[in-house]
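Here's a quick tour for anyone meeting this structure for the first time. Have a look at the model below, and then we'll walk through a few of its parts.

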Amino acid sequence: MAQMTMIEAIRDAMRLELKRDNDVLVFGEDVGHVGGVFRATEGLQKEFGEDRVFDTPLAESAIGGLAVGLGVQGFRPIAEIQFIGFIFEVMDSICAQATRMRYRSGGKYNSPIVFRTPFGTGVHAPELHSDSLEGLMMQTPGIKVVVPSNPYDAKGLLASAIRDNDPVFFMEHLKLYRSFRDEVPEEDYTIPLGKANIVREGSDMTIIAYGAMVHTAKAAAEELEKTQGIKAEVIDLRTLVPLDIDTIVASIQKTNRAIIVQEAQKSSGAAAEIMAQINEKALLHLESPVLRVTAPDTVVGFGEIEKEWAPDTAKIIAAVNESLNF
Amino acid sequence: MSKSYEVYAQDVTPLSVLSPDGTTVVNESEMPDVTDEQLQELMYRMVFTRTWDQRAVSLARQGRLGFYAPVSGQEATMIGTQFALNKEDFICPGYRDMPQIVWHGLPMHQAFLYSRGHQEGGKIPDDVNVLMPQIIIGAQIVQSAGIAMGFKKRNKDNVVITYTGDGGTSQGDFYEGLNFAGAFNLPAIFVVQNNGYAISTPFEKQTAAKSVAHKALAAGIRGVQVDGMDILAVLKAAQEAAEVGRNGGGATLIEAITYRFGPHSMSGDDPKKYRTKDEEGVWEEKDPIARYRKYLETKGLWSEEQENKAIEDAKQAVKDAIKQAESAEKMTVPGLIDSMFEQTPAHLAEQKEVFAAKGDK
């Protein structure tokens, strides 16, 4: 075991996969020599050479095209998109090309690609660095969407994503990169994609979250127990596609109430889809409507108002009480 | 305007090997490296492809084919470039580039299945190195960079060839793909079939650049312009580009000046709305097949008998292929679901059950 930040765990996963499989390639803007703008790939080029870990020209669309072409040639690209807002430049390669390769070729070709990208508010990043765009990916058939909330999960989920033979969109929350350390095994291990994790057990309320909101939800749950004696169960989804609806339903069967917390705007993100699936699969177990705690439907909050813009513990606690008092 | 720009903006003259009437070789030093049999094979393929195109247009009108982009007029460009390849070289076609991938090994009935909108059309045989026709104009250009990089990383002396039209050169992906190929020194050949129109929009409205070939300068790769109605010139340019790529010399942009005799596609385009009869007449005079036939006849390498055989072979091949395409097993929704991922996730498995229960197995 070692104490690692999430960024170190992500780097460790890539290092071990580069070692394990010669077809794994890491590329993107500034990922080679300098080791990435967040040092996620630091030291990898030195260890594995420029043939395996390399910088590209500054063009997201061609980075995506490069990944798709290399995937056709049997490589396993890990393509970094420097910040999430820049994926609009590469939407065609991700959402219209990589995701369809297996389908449109009847299985002849596939796209074993991981698109890694940082996102998330809380660090006062400039425009188009912190948006939560998982919803765009979730509605695109053919891609898996992974959002780890801690170093241990990040390493195991990224290893699974790299080994997956279909494209994976791997979202790394900026605020979680270095905010805390965790015990992380030094050897390689995987966490299956599509499996949620109950990070806090409870019987009065189910709080469903992902990414940085897992920590906000946990903090709210602790406060709820301390101040009101309410025992909230917190589920960290870890993967949005495939979604672990079974874990959600099992929890609701126990608590009979659910709140979904997401950093994305209300009409975006994962919450609406989760609500729809709860409606289909657990309606008769509900004592009150499922509520959403989200950002408002504006463009992502400017740096100075991020804190007020994003969900916080007070908003979660208010929603829990609204549900309980329904 | 600075002098350096003036230098770059010089007019270029497309490379021709044959005289306009085909009777003489005007550029002996640019003759491609081919045997007499290969010279005949080139003609066979052009005649075959012309007949196939005419039959496909008619099948599309009958509703027996779906999406179809006519190719008549562009045979020299399509066949000349593909002919320069080895079997292991890779083709990333655009939506009009069905002949190249069929001559590279894709069975014709699969081309027809693709046209009809059947998944089997995209199931490229294992030993055939092509992608399915690309609908997103420009995507094939950036993907080619990736495939070419793959060859380079595996130390193979193969090249990737990809095609787009004159309109496609306005896309960002066109520039990005060329630029990546330049920056990584990749074995790629970018062929622009400049037929003067992107649906109804003439080339002059795409760019103020004097030629597509000039655009290679921005990426630092070789740029050449060829007479796309002269199969020997096209073949020469493609052979050279392939040789450069195989020897580590990097990528080439080939602009082939050509013309499509038919409409943009069979989906309702009417060229009469944007082209004049005079213009069409001028280009029909330049028909690559007629021109090349003259050349082969002067060399005693082509007869009416050979021409008829190519036509009959094509008719028979089309007949067999459409029959095979029409008898393909129907697709099912569960089948589509199974082809989404290597391992079908639970939500899709659930949806598959719903469709299977409806009897759609």
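Which strands and which helix of chain B make a right-handed β-α-β unit? The strands are β6(B) and β7(B), and the helix is α9 of chain B, residues 231–246. Keep in mind that this is a predicted model.

Let's stay with strand β7 of chain B, which spans residues 252–257. Five of its six residues are buried, so β7(B) is largely enclosed by the rest of the structure. Strand β3 of chain B pairs with β7(B), and β6(B) is joined to β7(B) as well. Here are those two pairings:

| Strand paired with β7(B) | Residues | Sense | Bridges | One bridge pair |
|---|---|---|---|---|
| β3(B) | 188–194 | parallel | six | V192(B) with E255(B) |
| β6(B) | 222–227 | parallel | six | V224(B) with I254(B) |

Now for the nonpolar cores. The largest one holds 149 residues, and those touching the most other members are L237(A), I278(A), W52(B), F112(B) and Y292(B). Helix α2 of chain B, residues 36–61, gives the most to this core: twelve residues.

What does W52(B) touch, leaving aside residues up to four places away in sequence? Its contacts are M98(B), P99(B), V102(B), W103(B), M108(B), F112(B), A314(B) and V318(B).

Methods:
Residues numbered from 1 in each chain as written. Chains lettered and ligands numbered in written order. Predicted model: local features only at pLDDT ≥ 70, side-chain atom pairs only at ≥ 80, totals over all residues. Heavy atoms only, no water. Core = buried A, V, L, I, M, F, W, Y, C linked by side-chain atoms within 4.5 Å. Buried < 20%, exposed > 50% of the residue type's maximum accessible area, 1.4 Å probe, protein only. Helix = DSSP H or I, 4+ residues; strand = E, 2+ residues; numbered from the N terminus. Contact = heavy atoms within 4.5 Å. Pairing = 2+ DSSP bridges. Right-handed = clockwise from strand over helix to strand, strands pointing away.
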